[in-house]
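Hi,

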Amino acid sequence: MTTGTAPAANHASNADPSLRSRYTEVRQRIADAAAKSGRKGSEIVLVAVTKTASMDQIREVVSMGQLDLGENRVQQLVQRAAQMSEFLDRAKAMPSLLGATGPVPAAVRWHMIGTLQRNKAKKAVETARLIHSVDNLRLAEDIQSASERRTEPTEVLVEVNVSGERSKMGIAPAAAPHLVEMIETMVTVRCRGMMCMAPADAKPDELRGTFERARELFEEIRTGRPRGHRFDILSMGMSNDYETAIECGANLVRVGSAIFGAPAIPDADDDE
């Protein structure tokens, strides 16, 4: 986004009431699902997946306090992050650009939630606050190499194919604890937890069963780690199943279309 973009200056007057309504509804449903599992809505991290969103929509949800944003592809992650960073810098000098009622945030937290190719690990490390899709040791090693100049370790999640679907990415459940152990030996990478996806068009019992197995594996790995307090993120649940995921123990959900509206042409590899 260039500094001369006209729509940004009129952002506050171009608010989309349907977007605000959808976002508010998602937040309420998260709180309700958390209550069913004996937790508070504030304990659940919502990552708004911005793949099909416009920059105006992204700015709008940020103005509502949504600071965790996710992208499926590295190129778009880098582009969107640069645009948002520039916009927030401008908004600090002119808060009306954002239209927020409170202080302008210093930054947003970007999540890389899609499949990460090894040759793009460096760009992901430079931009993402959390990488959700580490499913093999070679990728973890590339992230380690790309993180050598960072002052803090790069935080990652191990992606596990709990459902066993061939079309799904992720390491097999039986191999996941060993991969976590290998990552724990790396100085510049920190494994914060695990991520999984449920089968597409799963029946309610199948959906819940997948999430419950993921939670069991998560707890098994966490209790077996000497630094288990760092292994504390269970990322599962998307627009069509985030409530069930929360009820089964997820503390991070990735929601896109339920907030921004369904894309005109669904993408088979969407993670939201």
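Just after helix α3, Gly65 has a positive phi of about 100 degrees. This is a predicted model, where local features need pLDDT of at least 70 and side-chain atom pairs count only at pLDDT 80 or more, while totals for chains, interfaces and linings use all residues. Residues are numbered from 1 along each chain as its sequence is written, and side-chain values use heavy atoms, with hydrogens and water left out.

A word on names: helices (H or I, at least four residues) and strands (E, at least two) are DSSP runs, numbered from the N terminus.

Let's stay with α3. Eight of its nine residues are buried, so α3 is largely enclosed by the rest of the structure. Buried here means under 20% relative accessible area, with exposed over 50% and partly exposed in between (1.4 Å probe, protein chains only). Among the buried residues of α3 are Met55, Gln57, Arg59 and Glu60.

Which residues of α4 does α3 meet? Met55, Ile58, Arg59 and Val62 in α3 are in contact with Arg80, Gln83, Met84 and Phe87 in α4, contact being heavy atoms within 4.5 Å. By class, this contact has five nonpolar, one polar and two charged residues. (Ala, Val, Leu, Ile, Met, Phe, Trp, Tyr, Cys and Pro count as nonpolar, Asp, Glu, Lys and Arg as charged, and the others, Gly among them, as polar.)

α3 (residues 55-63) and α4 (residues 74-93) pack at an angle of about 55 degrees, their axes 11 Å apart. That makes α3 oblique to α4. Angles under 35 degrees count as roughly parallel, over 145 as roughly antiparallel, 65 to 115 as roughly perpendicular and the rest as oblique. Axes are lines fitted to C-alpha atoms, for helices over the stretch in contact, and angles run from 0 to 180 degrees between N-to-C directions.

Helix α2 (residues 17-36) also meets α3: their axes come within 10 Å and cross at roughly 50 degrees. That makes α2 oblique to α3. Here Leu19, Arg20, Arg22 and Tyr23 in α2 meet Gln57, Glu60, Val61 and Ser63 in α3.

Finally, the largest nonpolar core has 70 residues, of which Ile131, Ile143 and Ile259 touch the most other members. Such a core is a set of buried Ala, Val, Leu, Ile, Met, Phe, Trp, Tyr and Cys residues joined through side-chain atoms within 4.5 Å. α4 gives the most to this core, with seven residues.

Happy exploring!
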